[in-house]
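User: I have a structure to go through with you. Could you take my questions as they come?
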Amino acid sequence: MKKVGVLLLLLFLIGFSAGCIGSDNTDTTSSTSTAAQQDYVDVNGTKIYLDKVHFYMYGAKTCPHCRNMKEKIPAKYGEEAFTYYELVNNQTNMELFNQLAQLTGITGVPAIAIAYNGTLYAVIEGEFDVEKAPEIIATAMENNGVFLIVGKVYLLPRDEPKWKLVIDALHTLFVEHEPVDVQEILDQLKANSTSAGNSTG
């Protein structure tokens, strides 16, 4: 995983803000779009079709940030583009969220994955400007990776085997809504790091 300095601009692009970690902060600024619903957004020559964008979110009904995102995403992309996993009083979702936390360090909600045409392109902790999802997707495509935004912006490269393990696990947790073997993944990452360290001398 590499921290991409230039991609700090992405933070400004998405309007990132912290999520709930037992917070009572009720700052839920909303932006209203008067633009007509488009079929696609052209991002530097890449057409991102809005009906192929899907959001998966772990959240809590007690979290104002989660409630805000639960309103904004369907309002922009439609109800069919949004899958929500409630954590409060749901043991299965809590177990999956705990696996997500072990793999990524995400401890707050909302925790949102953005997929395009079934492929994962970003995992974000906290609120963000949903209007910018096409730009996030196009930038991830251009960089052949998945953005992990947890206070900082990281790019998980798809072509590196150790990060493909993590990307596949994130896809399983969000899109397939199934558990993963976190310990096996961590062991493989450690083994890959050790062998990479030995090979570079």
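User: Is E79 buried or exposed?

Analyst: E79 counts as exposed, because its relative accessibility is 60%. The model is a predicted one. E79 is found in the loop between α2 (64-77) and β5 (82-86).

User: Which residues gather with E79 in a patch on the surface?

Analyst: E79 gathers there with D39, D51 and E80, and the patch is one of negative charge.

User: On to salt bridges. What is the count?

Analyst: The count comes to two salt bridges. In one of them, the side chains of E131 and K76 meet, with 3.5 Å from N to O. E131 lies in the loop between β7 (119-125) and α4, and K76 lies in helix α2, so the pair ties together parts that are 55 residues apart in sequence.

User: With which residue does D168 form a salt bridge?

Analyst: D168 forms a salt bridge with K164, and the closest N and O atoms are 2.9 Å apart. The two residues are four apart in helix α5 (residues 161-176), so about one helical turn separates them. D168 counts as partly exposed at 38% relative accessibility. K164 is also partly exposed, with a relative accessible area of 41%.

User: Back to α2. Where is A75 placed, and is A75 buried or exposed?

Analyst: A75 has its place in helix α2. The residue is exposed, since its relative accessible area is 67%.

User: What separates the C-alpha atoms of A75 and V130?

Analyst: The separation is 9.9 Å between the C-alpha atoms, while A75 and V130 are 55 residues apart along the chain.

User: Let us turn to α4. Which residues in helix α4 are buried?

Analyst: In α4, which covers residues 133-142, the buried residues include A133, P134 and I136. I137, A138 and A140 are buried there as well.

User: What about E142?

Analyst: E142 is found in helix α4 too. E142 counts as exposed, because its relative accessibility is 65%.

User: What follows α4?

Analyst: N144 follows α4 and has a positive phi, near 50°. N144 is not a glycine. Its place is the loop between α4 and β8 (145-150). N144 is partly exposed, with a relative accessible area of 37%.

User: Now the backbone at N117. What is phi of N117?

Analyst: Phi of N117 is near 55°, a positive value in a residue other than glycine. N117 lies in the loop between β6 and β7. With a relative accessible area of 54%, N117 is exposed.

User: Is the peptide bond from V109 to P110 cis or trans?

Analyst: The peptide bond from V109 to P110 is cis, and its omega is near 5°. P110 has its place in the loop between α3 (91-104) and β6 (111-116).

User: Finally, the chain as a whole. How many helices and strands are there?

Analyst: The protein chain has six helices and nine strands. It has 201 residues, of which 46% count as buried.

User: And what is the accessible surface of the protein chain?

Analyst: The accessible surface comes to about 10,200 Å², and carbon and sulfur atoms account for 48% of it.

User: What share of the contacts joins residues at least 24 apart?

Analyst: The share is 68%, taken among contacts in the protein chain between residues at least 6 apart in sequence.

Key
Residues are numbered from 1 along each chain as its sequence is written. This is a predicted model: local features need pLDDT of at least 70, side-chain atom pairs count only at pLDDT 80 or more; totals for chains, interfaces and linings use all residues. Side-chain values use heavy atoms; hydrogens and water are left out. Patches are made of residues with over 30% relative accessible area and no salt bridge: like charges are joined within 9 Å, nonpolar side chains (Val, Leu, Ile, Met, Phe, Trp, Tyr) within 5 Å. Accessible areas come from the Shrake-Rupley method with a 1.4 Å probe; for residues, only the protein chains shown count as cover. A salt bridge is a side-chain nitrogen of Lys or Arg within 4 Å of a carboxyl oxygen of Asp or Glu. Lys and Arg count as positive and Asp and Glu as negative; His and the chain ends are not counted. The place of a charge is taken as NZ of Lys, CZ of Arg, CG of Asp or CD of Glu. Buried means under 20% relative accessible area, exposed over 50%, partly exposed in between (1.4 Å probe, protein chains only). Contact means heavy atoms within 4.5 Å.
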